Number of protein chains: 2
Amino acid sequence: MSAFVLNPAFESTSERLGDLTLSHARFKTDGRFPWIILIPRLSGVEELEDLSAEDRVQLMDEILAAGRAVRAVGEAQGRPVARLNIGMMGNKTPQMHLHVLGRSPSDALWPRPPWGIGETTAYAPGDLALAVAAARTSLGLPSA
Amino acid sequence: MSAFVLNPAFESTSERLGDLTLSHARFKTDGRFPWIILIPRLSGVEELEDLSAEDRVQLMDEILAAGRAVRAVGEAQGRPVARLNIGMMGNKTPQMHLHVLGRSPSDALWPRPPWGIGETTAYAPGDLALAVAAARTSLGLPSA
């Protein structure tokens, strides 16, 4: 069994949060939405059926934790999350990953889907640091 | 506790497949992709955190079953599924529901996301009946 290696495509569009029990967690650098990406730290998994039943239960727990963290980021930013949007595609990047992001009727795309529509917005550096810190605190991940 | 009532928004865009242990299953009438919608048959649930831990495990099982059914539909249609796309939004229709659909490099939108992009394509009536029958067979649901 080979070791987990993160697809480099994630590194240019998200910042490392840390490792949960199953998943590597990253914060998507798109200022439109508080957005976490979960990547199970297993080699060669692409679909849910590639995970063991135990890992699927763990993944579900981590989706819930990511949802709480996305809500915490929204609170820290003064834009509370009204609705979670969760997606798993992998059409471009096959390595299994899930998107968990927070939506609000005041966001620019509401109520349209968040994927593949409109343009990514850059965070101001201080705003990104604040969001990442809030996400890590909620997920119980160290700050460094 | 009030009874489950299906949001009528689903009725105009999908066809009833039947009831699984947790979810009402529907087949989306969009000829671009084999596409199943799962709606947990519970009143007042909108987010994963509104489900009990047991129901979340059951939902995960039904997502896997829907994925197998989507693959079976793709086989029946002669367009094998290369990748499952799974999504849960509810920005427009808050009643909790999940999309499970099959993608292929030969589909019109590949590799773009399937939600909110492009136009729904109508099925020819015979093609829809074939797809619904294949989905029901895979899910172990009766044909009527």
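In this predicted model, β4(B) and β5(B) pair in the antiparallel sense, held together by 5 bridges. One place to look is Leu84(B), whose bridge partner in β5(B) is Gly102(B). As a reminder, strands of a sheet pair through backbone hydrogen bonds, either parallel or antiparallel.

On to the pairing of β5(B) with β3(B). Strand β3 (residues 35-40) of chain B and strand β5 (residues 98-103) of chain B are antiparallel too, with 4 bridges between them. Is β5(B) mostly covered or mostly open? It's mostly covered: 5 of its 6 residues are buried.

| Residue | Opposite residue | Strand of the opposite residue |
|---|---|---|
| Ile86(A) | Met88(B) | β4(B) |

Now zoom out to the whole sheet. How many strands form it? There are 10, in an open sheet with antiparallel pairing, and the order goes β1(A)-β2(A)-β3(A)-β5(A)-β4(A)-β4(B)-β5(B)-β3(B)-β2(B)-β1(B). The edges are β1 (14-19) of chain A and β1 (14-19) of chain B, each of which pairs on one side only. Going from one strand to the next, the twist averages 20°. In a regular strand the side chains alternate between the two faces of the sheet.

The two chains join up through their β4 strands. Strand β4 (residues 83-88) of chain A runs antiparallel to β4(B), and 3 bridges link them. That is where Ile86(A) stands opposite Met88(B). Counting contacts across the whole interface, 27 residues of chain B are in contact with 27 residues of chain A. On the chain B side, the elements that give two or more residues are α1 (53-76) and β4 (83-88). By class, that side of chain B has 14 nonpolar, 6 polar and 7 charged residues.

Next, the helices of chain B on the sheet. α1(B) packs on it, touching β2 (23-28), β3, β4 and β5 of chain B, and the direction of α1(B) makes about 30° with that of β5(B). Helix α2 (residues 125-139) of chain B lies across β1, β2 and β3 of chain B, running at about 20° to β1(B).

Over in chain A, take a look at how the two helices meet. Helix α1 (residues 53-77) of chain A packs against helix α2 (residues 125-139) of chain A at an angle of about 140°, and their axes are 8 Å apart. α1(A) and α2(A) are therefore oblique to each other, and their crossing is right-handed. From α1(A), the residues at the contact are Ala65(A), Arg68(A), Ala69(A), Ala72(A), Val73(A), Ala76(A) and Gln77(A); they meet Leu130(A), Ala131(A), Ala134(A), Ala135(A), Ser138(A) and Leu139(A) in α2(A). That set divides into 10 nonpolar, 2 polar and 1 charged.

The loops and ends have a few spots to check as well. Most residues other than glycine have a negative phi, and most peptide bonds are trans. In chain A, though, Trp110(A) and Pro111(A) are joined by a cis peptide bond, with omega about -5°. Pro111(A) sits in the loop between β5 (98-103) and α2 of chain A. In chain B, the peptide bond from Trp110(B) to Pro111(B) is cis, with omega near -5°, and Pro111(B) is in the loop between β5 and α2 of chain B.

Val45(B) is in the loop between β3 and α1 of chain B. Is Val45(B) buried or partly exposed? It's partly exposed, because 19 other C-beta atoms lie within 10 Å, and buried would take 20 or more. Leaving aside neighbours within four places in sequence, Val45(B) is in contact with Pro40(B), Asp50(B), Leu51(B) and Met96(B). Val45(B) and Gln95(B) are 50 residues apart in sequence, yet their C-alpha atoms are 6.6 Å apart.

Finally, Phe10(A) is in the segment before β1 of chain A. Phe10(A) is partly exposed, with 18 other C-beta atoms within 10 Å. Not counting residues up to four places away in sequence, Phe10(A) touches Arg26(A), Ile37(A) and Ile39(A). His97(A) is 87 residues away from Phe10(A) along the chain, and their C-alpha atoms are separated by 9.9 Å.

Definitions and conventions:
Residues are numbered from 1 along each chain as its sequence is written. Chains are lettered from A and ligands numbered from 1 in the order in which they are written. This is a predicted model: local features need pLDDT of at least 70, side-chain atom pairs count only at pLDDT 80 or more; totals for chains, interfaces and linings use all residues. Two residues are in contact if their C-beta atoms, placed from the backbone, lie within 7 Å. Ala, Val, Leu, Ile, Met, Phe, Trp, Tyr, Cys and Pro count as nonpolar, Asp, Glu, Lys and Arg as charged, and the others, Gly among them, as polar. Two strands pair if DSSP finds at least two bridges between them. Axes are lines fitted to C-alpha atoms, for helices over the stretch in contact, and angles run from 0 to 180 degrees between N-to-C directions. Angles under 35 degrees count as roughly parallel, over 145 as roughly antiparallel, 65 to 115 as roughly perpendicular and the rest as oblique. A crossing is left-handed if the near helix is turned anticlockwise from the far one by less than a right angle, and right-handed if clockwise. A residue is buried if 20 or more other C-beta atoms lie within 10 Å of its own, exposed if 12 or fewer, and partly exposed in between; C-beta atoms are placed from the backbone.
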